[in-house]
Amino acid sequence: MTEKISQTLTYFWASFVTFFGAFSINELGVLIGIVLGIASFIVNLLHKRRIAKAIEQNVKLAAFHEKLDQS
């Protein structure tokens with residue numbers, strides 16, 4: 001079983017190195033830039049959703065407090 005895992009890891013790393021060995025340093029820079037750009041977009045999208053949700057909850061809470069104060 002250990003031999004099978006070792007063999008799989010060896011093939012994975014060999015494939016990984018072969019794949020990235022085919023690119024020049026400029027091409028790798030472009031690929032890394034694209035990945036970081038997509039990751040940044042996703043993080044910003046999630047952050048904006050979290051802020052919008054917090055604002056919505058705050059508005060609901062304020063309306064609830066106003067309703068309590070009027071009673």
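Helices, as the word is used here, are DSSP runs of H or I with at least four residues, while strands are runs of E with at least two, both being numbered from the N terminus. By that definition the chain, which is a predicted model, holds two helices and zero strands. Along the principal axes, the C-alpha atoms fill a box of roughly 75 × 40 × 5 Å.

Residues are numbered from 1 along each chain as its sequence is written, and side-chain values use heavy atoms, with hydrogens and water left out. Because the model is predicted, local features need pLDDT of at least 70 and side-chain atom pairs count only at pLDDT 80 or more, whereas totals for chains, interfaces and linings use all residues.

Helix α2 spans residues 25-70 and contains both glutamate 56 and lysine 60, which, being four residues apart, are separated by about one helical turn. These two residues form a salt bridge (a side-chain nitrogen of Lys or Arg within 4 Å of a carboxyl oxygen of Asp or Glu), with their closest N and O atoms 3.4 Å apart. A search of the whole structure finds one salt bridge. In terms of accessibility, where buried means under 20% relative accessible area, exposed over 50% and partly exposed in between, with a 1.4 Å probe and protein chains only, glutamate 56 is partly exposed at 46%, and lysine 60 is exposed at 54%. For the chain as a whole, buried residues make up 0% of the 71 residues.

The aromatic side chains give a second theme. Rings of Phe, Tyr and Trp (its six-membered ring) pair if their centres lie within 6.5 Å, and planes under 30 degrees apart count as stacked, over 60 as edge-to-face and the rest as tilted. In one of them, tryptophan 13 and phenylalanine 16 have ring centres 5.3 Å apart and planes at 85 degrees, so the pair is edge-to-face. Both residues belong to helix α1 (residues 2-21), where their spacing of three residues separates them by about one helical turn. Tryptophan 13 is partly exposed at 48% relative accessible area, as is phenylalanine 16 at 38%. Phenylalanine 20 and phenylalanine 23 form a tilted pair, with 6.4 Å from centre to centre and 55 degrees between the planes; phenylalanine 20 is partly exposed at 30%, and phenylalanine 23 is partly exposed at 27%. Ring pairs link Phe12, Trp13, Phe16, Phe19, Phe20 and Phe23 into a cluster.

Several of these residues also contribute to a nonpolar surface patch of about 1,100 Å², whose members include Phe12, Trp13, Phe16, Phe19 and Phe20, together with Met1, Ile5 and Leu31. Patches are made of residues with over 30% relative accessible area and no salt bridge, like charges being joined within 9 Å and nonpolar side chains (Val, Leu, Ile, Met, Phe, Trp, Tyr) within 5 Å. Helix α1 gives the most to the nonpolar patch, with eight residues. The accessible surface of the chain, computed by the Shrake-Rupley method with a 1.4 Å probe, only the protein chains shown counting as cover for residues, comes to about 6,900 Å², of which 69% belongs to carbon and sulfur atoms.
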